[in-house]
Amino acid sequence: MEAVIKRVMLAGLALCAAPALAVTPIEVAVGVGARAAVGSDESVGTDQIFNSWSGSGPGTLALAMNVAAGDEYTVSAVVGVEAVWETSERGTVAIDWGRVFGGTPPDPPIEFFAGTNNAPEILFYPANWYYSFMATENGFFQVTYEITTRGYTFGLQPIYLFSLGSSLVSLGGTFDDPAGAGTYAMPLVAGETYSILMFNLGNLFAGSVFDRTGSASARIAWEITRGGGVVPGPGVPEPGMWALLIAGFGM
């Protein structure tokens, strides 16, 4: 059993001077969590950085995690996030997640699990990125994203975007191949407080038949703007899909 955790927190970015801010920042956070199991051998890890934010930082928040299980046949679950607040109104998020298999699958097969879906919860979801703020003007929260994949992609799932009081939105493709690119925007109303988070639910549960190594990388730029039009967003999973999305996939 092995668990490797990396934490990075830099507080060096001050906000640029501006005539007026469209938002008043409140809190920011990043989190990671991974679980790997081969038969009865299991390794689990979680980590989170959660900060109140007055608007003078934090600049960059980053976490990475790698957990592994097994002996002659090994399964690793890997997840990392790096979030940059360039100002209180724009920034970037990079999320990387996946699993790595090593050794020879045993005969007869043995059950395994590889998941990157157990980061510490915020608003009932395993948050990789979180930002809470009050809008001081009407405007929009907009993201531009690109998700690329490698290897066996089934079960990796896309990135999900959630705002308290709004619907859950998927950024990217589907649960069996999250690759995709696009934009999405949600309206902001002056005087309202918003809690927005991004996360992945990547997980795979099956018998050890062949190598299912696969990974995904999401690169997301977000911006809070004044005025403008709503960009059509990607679809939301049907309610009946949630048992599959959250609990894992039997093969």
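A salt bridge is a side-chain nitrogen of Lys or Arg within 4 Å of a carboxyl oxygen of Asp or Glu. R226 and E137 form one through their side chains, at 3.1 Å from N to O. This pair links distant parts of the chain: R226 lies in strand β17 (residues 214-226), E137 in the loop between β10 and β11 (139-151), 89 residues apart. Helices (H or I, at least four residues) and strands (E, at least two) are DSSP runs, numbered from the N terminus.

This is a predicted model, in which local features need pLDDT of at least 70, side-chain atom pairs count only at pLDDT 80 or more, and totals for chains, interfaces and linings use all residues. Residues are numbered from 1 along each chain as its sequence is written, and side-chain values use heavy atoms, with hydrogens and water left out.

**Salt bridges**

By the rule above, the count is five salt bridges. E89, E137 and R226 are linked in a network of them. Three pairs are listed here.

| Pair | Closest N and O atoms |
|---|---|
| E42 and R35 | 2.4 Å |
| R90 and E86 | 3.1 Å |

Buried means under 20% relative accessible area, exposed over 50%, partly exposed in between (1.4 Å probe, protein chains only). R226 is partly exposed at 41%, and E137 is partly exposed at 29%. E42 is partly exposed at 32%; R35 is partly exposed at 30%.

**Strand β10**

The protein chain has one helix and 17 strands. Of its 251 residues, 48% count as buried. In strand β10 (residues 129-135), six of the seven residues are buried, so the strand is largely enclosed by the rest of the structure. Two strands pair if DSSP finds at least two bridges between them. Strand β2 (residues 23-38) runs antiparallel to β10, joined by seven bridges. Y131 in β10 is the bridge partner of V28. Strand β15 (residues 193-200) also runs antiparallel to β10, with six bridges. There, T193 in β15 is the bridge partner of M134.

**T116**

T116 sits in the loop between β7 (111-115) and β8 (121-122). T116 is buried, at 4% relative accessible area. Its side chain makes a polar contact of 2.8 Å with the side chain of N200. A polar contact is a pair of N or O atoms within 3.5 Å; within protein, one must be able to donate a hydrogen and the other to accept it, and residues adjacent in sequence count only if both atoms are side-chain atoms. Contact means heavy atoms within 4.5 Å. Not counting residues up to four places away in sequence, T116 touches residues including G33, A77, W97 and G202.
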